[in-house]
Amino acid sequence: MTGQKTGQTTDQTADQTTDRPAEKPHGLQAIWANTLEPVAPLPWYRRLSLKAVVAATLAVGLLAALVVAAVTGAGAPPRHRIALQDRIGDQVHLPDDGSVQTARSSYQQRIRALSPYRELTVGGYGTTGSSKTTLLLVGLTGSFAEPQRELNKYFGRLAASDVFNDTVTERQDYPTGPLGGAFECAVLTYPSTSETTCVWADGSTVGIVVDSTGESSPQELADRARDIRAAVEVPAED
């Protein structure tokens, strides 16, 4: 009897043990239990923050705009060049005389490799039927980051290779007109003669108009030089 009770007690204890709910894992066991099933990683675009995406988009857009501007020249000021015209007002383009040939030779010597000057245009103008140049036009085409410096180089004789025995007086600014840039006129007095001269400069052209008769005042020549500039400064072909 005692043996039977003991056996029954053992069986009941086993049954109770079987029916008892299993203990929940804890500590490291809980971590391991939660990682038994494989979890797919998030795609790369969901791991990026919104700020990072916006910053990257702006950077790419800016780079693209810079490349387009560099290739097409977008945003740069329009380029011009000097082209002689057959007639400007009451002045006509005359065949080259000695003064024009001398001026062309002098300026050609100053245009050297790596200089800002790329193209030289020299022409003489006078009244119809005349053979003597009264207005000399010198046009330089290139790239000029500081237009005022080009005027100083002419009137102030900043270039070491330029040697002139003249005196500059009455130098002053004048309105440039719609083409902008810098524009000045002055009287240049040499030992034997005097010339009224006007000079303009912008990002791509330098123009020099000389009244070789010396009869025009700076104001009078300024008005005429603006008309000349409007006629000879034309858009450059790409």
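Analyst: Gladly! A disulfide here is a pair of cysteine sulfur atoms within 2.5 Å. Please keep in mind that this is a predicted model.

User: How do you know that cysteine 185 and cysteine 198 form a disulfide?

Analyst: Their sulfur atoms are 1.9 Å apart, and the cut-off is 2.5 Å, so the pair qualifies as a disulfide. Because cysteine 185 sits in strand β7 and cysteine 198 in strand β8, the bond ties together parts 13 residues apart in sequence.

User: Why is this disulfide of cysteine 185 and cysteine 198 called right-handed?

Analyst: The torsion about the S-S bond is about 110°, so the disulfide is right-handed.

User: And what makes cysteine 185 count as buried?

Analyst: Buried means under 20% relative accessible area. Cysteine 185 has 0% relative accessibility, so it counts as buried. Cysteine 198 also has 0%, and therefore counts as buried.

User: Why is glutamate 170 called exposed?

Analyst: Exposed requires over 50%. Glutamate 170 has 51% relative accessibility, so it counts as exposed. This residue is found in strand β6, and it has a positive phi of about 60° although it is not a glycine.

User: What makes the pair of tyrosine 117 and phenylalanine 144 tilted?

Analyst: Two values matter here: a pair of aromatic rings is described by the distance of the centres and the angle of the planes. The ring centres of tyrosine 117 and phenylalanine 144 are 5.6 Å apart, within the 6.5 Å needed for a pair. Their planes are at 45°; stacked needs under 30 degrees and edge-to-face over 60, so this pair is tilted. Tyrosine 117 lies in strand β4 and phenylalanine 144 in the loop between β5 and α6, so the pair ties together parts 27 residues apart in sequence. Both residues are buried.

User: Why are the rings of tyrosine 154 and phenylalanine 155 called edge-to-face?

Analyst: Their centres are 5.3 Å apart and their planes stand at 85°, so the pair is edge-to-face. With this pair the count comes to two aromatic pairs. Tyrosine 154 has a relative accessible area of 13%, so it is buried, and phenylalanine 155, at 4%, is therefore buried too.

User: What do the buried residues of α6 pack against?

Analyst: In helix α6 (residues 147-155), the buried residues are Glu150, Leu151, Lys153, Tyr154 and Phe155. They pack against α5 (98-110), β4 (117-126), β6 (167-173), β7 (182-189), β8 (194-201) and β9 (205-211).

User: Why is β4 described as largely enclosed?

Analyst: Seven of the 10 residues of β4 are buried, so the rest of the structure largely encloses this strand.

User: How do you know that β4 pairs with strand β5?

Analyst: At least two bridges are needed for a pairing, and eight bridges join β4 to strand β5 (residues 135-142). The two run antiparallel, and valine 122 has valine 138 in β5 as its bridge partner. Strand β3 (residues 91-94) also pairs with β4, again in the antiparallel sense, over three bridges. In that pairing, valine 92 stands opposite glycine 126.

User: Which residues have the most contacts inside the largest nonpolar core?

Analyst: They are Leu136, Tyr154, Val199 and Ile208, in a core of 20 residues. At least two residues of this core come from each of α5, β4, β5, α6, β7, β8 and β9. A second, separate core has 16 residues, including Tyr125, Leu135, Tyr174 and Ile228.

Key
Residues numbered from 1 in each chain as written. Predicted model: local features only at pLDDT ≥ 70, side-chain atom pairs only at ≥ 80, totals over all residues. Heavy atoms only, no water. Buried < 20%, exposed > 50% of the residue type's maximum accessible area, 1.4 Å probe, protein only. Helix = DSSP H or I, 4+ residues; strand = E, 2+ residues; numbered from the N terminus. Contact = heavy atoms within 4.5 Å. Core = buried A, V, L, I, M, F, W, Y, C linked by side-chain atoms within 4.5 Å. Phe/Tyr/Trp six-rings, centres within 6.5 Å; stacked < 30°, edge-to-face > 60°.
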